[in-house]
Amino acid sequence: MKLRKPSPLHRRLGWWLLAYLALISLAVFSVGNYVHEHAEHSAWRALLNSELDSIVKHIEHEPHYRWQDSDTLRLFTVDDSPGVPASLRTLHPGLHDGVVVNGRSSAVMVRDTENQGRLALALDINDFHELEEFATRWVMLAGVVMILVTVLMASLGVSRLVQPLRSLAQRIDGLKPGMPGQRVEVDPRGSSELYVIAAALNDYLARNEQFVERERVFISTASHELRTPIAVITGAAELALDQPALPDRARQQMQRVHRTAQGVEQLIQLLLVLAREPARLAALKERIALDQLVPDIIEDHRHLMGDKDLQIAVQDLASVDIIAPLGVVQAAIGNLLRNAIENSGRGTITISVSDRAVVTLQDPGEGMSPEEIAAVYARMARGDRNEQSGIGLELIARLCEHLGWALTIEQSEPRGTRVILDLSASLPAPGDTRLVM
């Protein structure tokens, strides 16, 4: 499942601010419209009631009084006469807004009187409504413009606000593992919270440097302590091999001891260099002929078969050279061969080397299910240790990562497991003249 990339902080704040302003504007417009309508009705009611009171009073006290309609104010006696608009006949006593009288929008006050019957005083408010709609459109447009301008200014402000945070993130991203004395600095425009974060991170960097220094001292000490006994074993084996009276069988065993001690010394050197700084692996590279190295690795591991009904067969052994650390190549291929021997009871283990420096080992064991293979890959990715697999597939995977190699594990038909170690990234470049081992 593809994860959605999170949106920037300033964009989120911008959207939230836009939604907030929209809600606030809607609430203000709704309340304003309600207050306006209420005030408008109160004004019409007061005006029309006052005018209608004056008309009724004149009619009652002046028998010859006649009301004269104006351009905006007209008086109707609501009865069945043809001159009364149909829209007035159905109105109950009280104020009515927006009544259409002769094609014009009007505010109408209807009142029942004792002598004149039902009277309706109509005020022409059509022009007022048009002006009101015009003002409403401009208010809404001004509100939209205000929201857009506010959001734009807020976005610019928030962008400037989070710029120190982005700057801090870039400085953190620029930290290089293994380089001492690194610290992060906060942009002067940054907030106090960023200074707190930077201080905590710098404190962590300082404590991490102390931890790395303790590890370096330990590795240096362990290097001396590990190499001393291996040197003693190597020296003793060389002295024994110099004895002319040494029996052939014993000489073969001493030669194996000597080769194993040398291999362990190389492996110790490899592990120490890898523990210090993986980039220093490049200093240990040399030209290696795989067609000469693989048979030696096979011979060094034959004793692991013991009394098993196992055979090791070389199918294809292309003549190919690579440029890589000898100890790494020996440890990687040897460990894969060791795993194949330990997980097989009988049959033939086949090894092949292609002209592209791809080493393939296929064992006749029970094989691995897809779930077990997936578990192995997960363990290699986490770097978990496996005490039963030599230096471990995890370490081989780590070495492959540093050297650009590829390790693949798959099922083999009809049974068994096939392991493919692709060393093609270590093929010598044209014109490389480094000597063969």
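R287 lies in strand 5 (residues 285-289). This is a predicted model: local features need pLDDT of at least 70, side-chain atom pairs count only at pLDDT 80 or more, and totals for chains, interfaces and linings use all residues. Residues are numbered from 1 along each chain as its sequence is written, and side-chain values use heavy atoms, leaving out hydrogens and water. Helices (H or I, at least four residues) and strands (E, at least two) are DSSP runs, numbered from the N terminus.

**R287**
- R287 counts as buried, at 15% relative accessibility (buried is under 20% relative accessible area, 1.4 Å probe, protein chains only).
- Its side chain makes a polar contact with the side chain of D321, at 3.3 Å (here, N or O atoms within 3.5 Å, one able to donate a hydrogen and the other to accept it).

- An open sheet is formed by 4 strands in the order 1-4-3-2, with antiparallel pairing (two strands pair if DSSP finds at least two bridges between them).
- Strand 1 (73-77) and strand 2 (94-101) are at the edges, each with a single partner strand, so one side of each lacks a neighbour in the sheet.
- Strand 2 and strand 3 (residues 104-113) pair over 6 bridges.
- V100 has S105 in strand 3 as its bridge partner.
- Helix 3 (residues 126-173) packs on the sheet and touches strand 2, strand 3 and strand 4 (117-124) (contact means heavy atoms within 4.5 Å).

**Helix 6 and helix 7**
- Residues of helix 6 that meet helix 7 include L290, L293 and I297.
- On the helix 7 side, the residues include L326, I333 and L337.

Methods:
Axes are lines fitted to C-alpha atoms, for helices over the stretch in contact, and angles run from 0 to 180 degrees between N-to-C directions. Buried means under 20% relative accessible area, exposed over 50%, partly exposed in between (1.4 Å probe, protein chains only).
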